[in-house]
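Here are a few exercises to work through with the coordinates open. Try each task on your own before you read the solution.

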Amino acid sequence: MTSRSVALDIQPSSPPSPSSSFEEVAHPNSSWHQQQRDTLPLHYMETDTHRRRALQSDQKDSDDKWAHEPAAGQRPPSPFAPYAPSGPSEAVWEDKDGKNVYGKAALGYSTGRLPPPRTRRPPPPTNFTELVQQNQEHIWPVIYTLLSCWTRFHDIGKANTVVWDEAHFGKFGSYYIKRHFYFDVHPPLGKMLVGLAGLLAGYDGNFEFKSGDEYPNTVPFVAMRVMLSLFGVAMVPLAWYTSVELRLSRRACHLVTLMVLLDLAWICISRFILLDSMLLFFTFTTVFCLAKFHNQQWQSFSADWWLWLTMTGLSVGCVTSVKWVGFFATALVGLYTVEDLWEKFGDLKMPVRTYAKHWTARISCLIVLPILVYMTSFKLHFMILNQTGTGDSQMSSLFQAGLEGNDFARNPLEVAIGSKVTFKNVGYGGGLLHSHYQTLPVGSNQQQVTCYHYKDDNNHWRIKRPWGEKDYDENEPIQFLKDGDIVRLEHTPTSRHLHSHVVPAPVTHHHHEVSCYGNSTVGDVNDHWVVEVVDDLILGRKKYVTKIHSLTTRIRFRHKMLGCYLRAANAILPSWGFKQVEVTCDKENNPGDSHTYWNVESHWNDRLPAGDLKLYKSPFLRDFWHLNVAMMTSNNALVPDPDKEDILASLPSEWPWLHAGLRMCGWGDNQPKYYLLGHPLIWWGGTVSLIFSVFALAVYLFRMQRHYQDFRPGEWEHFVYVFKVGFIGWALHYAPFMIMGRVTYLHHYLPTLYFAVIMLGHMIDHFIFKSRRLSEQVKWGAFTVCASAIIGVWWWFKAVALGIDGPVNDHKGLQWRKVCRVFTIARDKTNRYITCRVGTSTIRWIHTCH
């Protein structure tokens with residue numbers, strides 16, 4: 001076989017034109033990448049295969065096509081900069097005014113305006129090695145996906161008991177199977193998927209999912225866990241493809257995927273019947289679709305452009321429909337869109353009509369579509385849960401009347417004196433007017449009056465005439481309740497009357513206290529309330545309401561003597577009030593305050609005819625809005641309880657440095673134990689990379705201001721773009737937890753961690769894998785060290801995610817920090833006894849050491 005080499009030396013035909021206010025298009029010759037000399041690569045022809053093959057160069061970087069060594073006599077790049085111009089031939093890419101977008105695209109970096117450079121399609125593979133080399137982008141994700149199946153599925157049924165929040169979400173899945181209405185603070189999509197997993201696994205919905213209970217043979221909990229773990233499995237290939245779309249180097253793609261594959265917290269949280277794997281999956285898909293859409297910006301309104309814009313909107317809708325934490329990913333997409341539209345606004349070449357089309361496309365796909373997805377999940381929620389259940393009282397009375405098994409619609413329609421009723425507060429999150437035998441420990445020390453969200457006899461009241469008037473007689477003509485009537489409300493279980501006086505309320509001190517006082521024969525004028533009609537949901541405005549109807553007529557109760565209004569605004573009483581909602585009498589007359597609105601919910605009166613279900617139709621939009629506000633109200637009420645010590649809770653400031661874990665189950669010697677703990681190197685590295693990235697960005701900006709050229713055209717835009725995705729995504733997910741008042745746990749940080757992982761991969765890629773100062777041996781050495789450390793630490797700590805067997809003392813090597821909340825120890829005041837709480841067990845022994 002013989003071969004012949006040919007070298008061509010082509011110089012630029014003309015010097016580069018100076019920068020001007022007009023857009024400049026470089027001569028095609030200047031768009032070729034210049035190495036140490038301006039030559040075409042040498043090729044040789046093989047007579048047997050007739051294929052062209054480029055000669056190997058000692059300076060070629062197989063991982064970064066832009067890597068090169070500085071020319072002889074040239075000043076080496078600065079320690080902080082990956083690039084400095086190598087000679088006159090590269091001066092054509094100098095872009096002081098930022099107008100040479102063609103040159104940027106020619107170098108392989110998408111600017112959002114022009115396509116990436118065309119690459120020659122490789123010839124068909126002639127052997128297996130070439131087949132693998134040409135399909136590495138898809139072969140590696142397949143390998144990582146198989147490994148992910150092992151980390152998520154291995155021994156997934158080891159714990160045959162209800163673990164952690166399986167007690168909640170498994171029970172919610174049962175409600176969907178039995179179609180019983182319930183209430184929860186999270187949107188319904190994830191819980192409907194739990195119910196679907198149970199249905200596909202053959203679960204009948206009759207298990208109560210009590211925490212720590214052993215699963216019976218009739219509950220296919222392993223199949224349910226496996227199906228839900230598929231979302232955790234899919235996170236790994238998504239991490240790979242997202243890294244590819246973010247234009248990270250191949251080695252960086254491997255590192256990011258390894259970190260997602262082997263993080264202990266992500267593995268552990270994906271192995272149970274929980275919502276977190278779904279939340280993480282849709283967070284990953286949102287970032288992936290956004291990156292795909294960004295890379296289609298050069299061909300606006302093409303089929304691929306519309307596809308990935310629509311997929312981004314669908315993913316945003318899904319992630320917000322699982323948990324409201326998904327709104328943080330929505331904010332990231334929103335900020336990207338605002339910046340993108342602002343840049344297009346400054347493009348004077350873009351016609352106004354085209355710019356308007358960009359706005360229309362984003363409004364349709366990124367606002368309207370996610371809202372429709374979110375609302376559709378609630379529509380399905382209402383359609384499936386059509387039977388009465390435990391969460392009825394969180395909804396409006398009119399909605400409850402439409403549930404199967406509810407008798408509200410058969411209640412008498414018109415309310416009369418002598419009727420026994422329950423009153424529902426119309427305000428979002430409002431409960432039922434309630435009283436019990438316990439008295440107020442402060443103020444008047446009279447019987448407590450609260451709002452309660454569950455049905456019992458202590459919610460029953462009888463409507464009576466005021467003191468001084470004739471008592472109700474069943475044989476007298478019926479007197480219907482109407483606007484302006486003065487009534488007494490008698491608590492039927494205790495015979496005391498709803499009462500208010502000039503005593504500060506126990507929590508809302510600027511309101512008057514409301515209590516129950518007297519009995520059927522003892523009372524005073526402070527028991528009198530004036531009925532004021534607000535409107536009727538069917539009849540309309542107040543002027544059309546002649547009689548008060550159950551379920552639909554909204555009324556207010558004004559105290560006859562004090563002029564204040566009965567109000568329940570979700571202020572929570574202390575433990576002596578059983579954490580129920582405080583009821584007060586508001587001195588201010590605010591007609592628009594829905595927390596002063598009430599309606600009759602249950603209604604009993606044997607002298608009146610039953611109602612008609614056809615009269616009660618609750619519109620979807622009203623129910624949708626009511627449920628969302630009730631969810632928000634209940635979510636805001638999840639604040640730390642000062643009367644209880646929650647040893648599982650942690651502060652957001654503890655998460656980035658992994659100062660605390662989370663015990664997910666009991667800690668007995670004879671049961672598998674799971675401890676939610678992140679991979680130390682990944683969590684620490686992610687946090688350090690976030691801090692370092694800000695420092696690196698600041699240094700680069702200072703150097704740019706001093707007219708240092710640290711980047712080739714397009715590299716700076718790419719560096720900042722990935723920085724924005726990682727840092728802003730992390731900040732949007734993390735900062736809200738620093739200011740919110742609700743109780744927080746370690747698993748709240750898991751979506752945030754993904755952006756720290758992206759930033760870690762970006763920083764390692766930028767300063768090591770894409771560095772032009774480092775040799776290939778150094779880069780591969782750094783990659784090997786990083787990958788080995790990640791795998792080694794995972795192997796050491798893997799039991800905390802896959803299950804710890806036997807006594808904890810046999811696994812002393814897994815003790816992460818002294819502050820890990822696996823158990824707590826406390827001495828009493830005499831220092832004589834020690835109390836040790838391990839899991840749910842409490843042991844007390846005599847301390848004999850002095």
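**Exercise 1. How many salt bridges does the structure hold?**

Solution. This is a predicted model, and the structure holds 24 salt bridges. The next exercises pick out a few of them.

**Exercise 2. Find the salt-bridge partner of R772 and work out what the pair ties together.**

Solution. R772 forms a salt bridge with E715, and their closest N and O atoms are 3.3 Å apart. R772 sits in the loop between α17 (750-769) and α18 (776-797), while E715 belongs to helix α16 (residues 715-739), so the pair ties together parts that are 57 residues apart in sequence. Step three: check the cover. The cut-off for buried is under 20% relative accessible area. R772 has 3% and is therefore buried, and E715, at 9%, is buried as well.

**Exercise 3. Are K770 and D765 buried or exposed?**

Solution. Start with the contact: K770 and D765 form a salt bridge, with 3.4 Å between the closest N and O atoms. Now the accessibilities. K770 comes out at 17%, so it counts as buried. D765 has a relative accessibility of 1% and counts as buried too.

**Exercise 4. Trace how β8 pairs with β7 and with β9.**

Solution. Take β7 (residues 486-491) and β8 (residues 496-504) to begin with: they run antiparallel and are joined by 2 bridges. H491 stands opposite R496 in β8. The two strands make a hairpin with 4 residues between them, and S495 in the turn has a positive phi of about 65°. Then move on to β9 (residues 512-517), which pairs with β8 in the antiparallel sense over 6 bridges. Here H501 stands opposite E513 in β9.

**Exercise 5. Which residues make the nonpolar surface patch of about 520 Å²?**

Solution. The patch is made by W359, I363, I367, V368, I371 and L372. Zoom in on I367: this residue lies in helix α12 (residues 352-384). With a relative accessible area of 45%, I367 is partly exposed.

Key. Residues are numbered from 1 along each chain as its sequence is written. This is a predicted model: local features need pLDDT of at least 70, side-chain atom pairs count only at pLDDT 80 or more; totals for chains, interfaces and linings use all residues. Side-chain values use heavy atoms; hydrogens and water are left out. Two strands pair if DSSP finds at least two bridges between them. Patches are made of residues with over 30% relative accessible area and no salt bridge: like charges are joined within 9 Å, nonpolar side chains (Val, Leu, Ile, Met, Phe, Trp, Tyr) within 5 Å. Accessible areas come from the Shrake-Rupley method with a 1.4 Å probe; for residues, only the protein chains shown count as cover. A salt bridge is a side-chain nitrogen of Lys or Arg within 4 Å of a carboxyl oxygen of Asp or Glu. Buried means under 20% relative accessible area, exposed over 50%, partly exposed in between (1.4 Å probe, protein chains only).
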